[in-house]
Amino acid sequence: MLPVHHMIAGGPRPVAPFSHAVEADGWVFVTGQMPTDPAAPDAALPEGIVAQTRRVMDNLIIVLEGLGLSLANVTMARVYLTEFHRDYAQMNAAYAAYFPEGERPARTCIGVSGLALHALVEIDLVARRP
């Protein structure tokens with residue numbers, strides 16, 4: 001079975017050449033999202049790690065909903081932070097609010113030297129269809 005490439009109408013504008021998600025055998029790989037506003041993609045990024053984390057999570061939800069999925073379908077998340085030690089605790093608090101305690105996906109968090117658009121955070125997901 002060939003992978004299915006998804007671009008979500010009304011989804012965040014890609015900042016590079018990619019699909020919003022690629023699906024194969026019920027697994028859905030959601031491209032890392034940036035803290036851009038889909039309604040105003042050229043607007044400045046939100047200020048601070050909390051606002052950027054919330055915008056990234058909201059963008060991921062847009063992509064998932066466009067596929068008929070939700071955060072409940074997420075099995076794995078990867079978080080990329082440009083200021084790991086400074087922003088880790090605040091990002092965690094903002095991120096955790098999106099998942100019920102005891103039902104959070106597996107996760108890796110990585111400090112990186114830079115992200116597209118000079119963002120502070122990027123998050124990608126792996127989800128599974130029921």
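Colleague: Which residue in β5 stands opposite Leu81?

Modeller: In this predicted model, Leu81 stands opposite Gly111 of β5.

Colleague: What makes β4 and β5 a pair of strands, and in which sense do they run, parallel or antiparallel?

Modeller: Two strands pair if there are at least two bridges between them. Strands β4 and β5 (residues 106-111) have six bridges, in the parallel sense, so they count as paired.

Colleague: How do you know that β4 also pairs with β6?

Modeller: The same cut-off of at least two bridges applies. Strand β4 (residues 74-81) and strand β6 (residues 121-128) have seven bridges, in the antiparallel sense, and therefore they pair. Within this pairing, Tyr80 has Glu122 of β6 as its bridge partner.

Colleague: Why is the unit of β4, α2 and β5 called right-handed?

Modeller: The name applies because, with the strands pointing away from the viewer, the path from the first strand over the helix to the second runs clockwise. The unit made by β4, helix α2 (residues 84-96) and β5 is of this β-α-β kind.

Colleague: What makes up the largest nonpolar core?

Modeller: This core has 26 residues, and Leu64 and Val30 are among those with the most contacts inside it. Several elements, including β3 (27-33) and α1 (49-66), each supply at least two residues. The largest share, six residues, comes from α1.

Colleague: Why is the chain called as compact as a globular protein of its length?

Modeller: The chain contains two helices and six strands. Its radius of gyration is 14 Å, close to the 14 Å that the globule rule gives for 130 residues, so the description applies.

Methods. Residues numbered from 1 in each chain as written. Predicted model: local features only at pLDDT ≥ 70, side-chain atom pairs only at ≥ 80, totals over all residues. Heavy atoms only, no water. Helix = DSSP H or I, 4+ residues; strand = E, 2+ residues; numbered from the N terminus. Core = buried A, V, L, I, M, F, W, Y, C linked by side-chain atoms within 4.5 Å. Buried < 20%, exposed > 50% of the residue type's maximum accessible area, 1.4 Å probe, protein only. Rg over C-alpha atoms; globule rule 2.2 N^0.38 Å.
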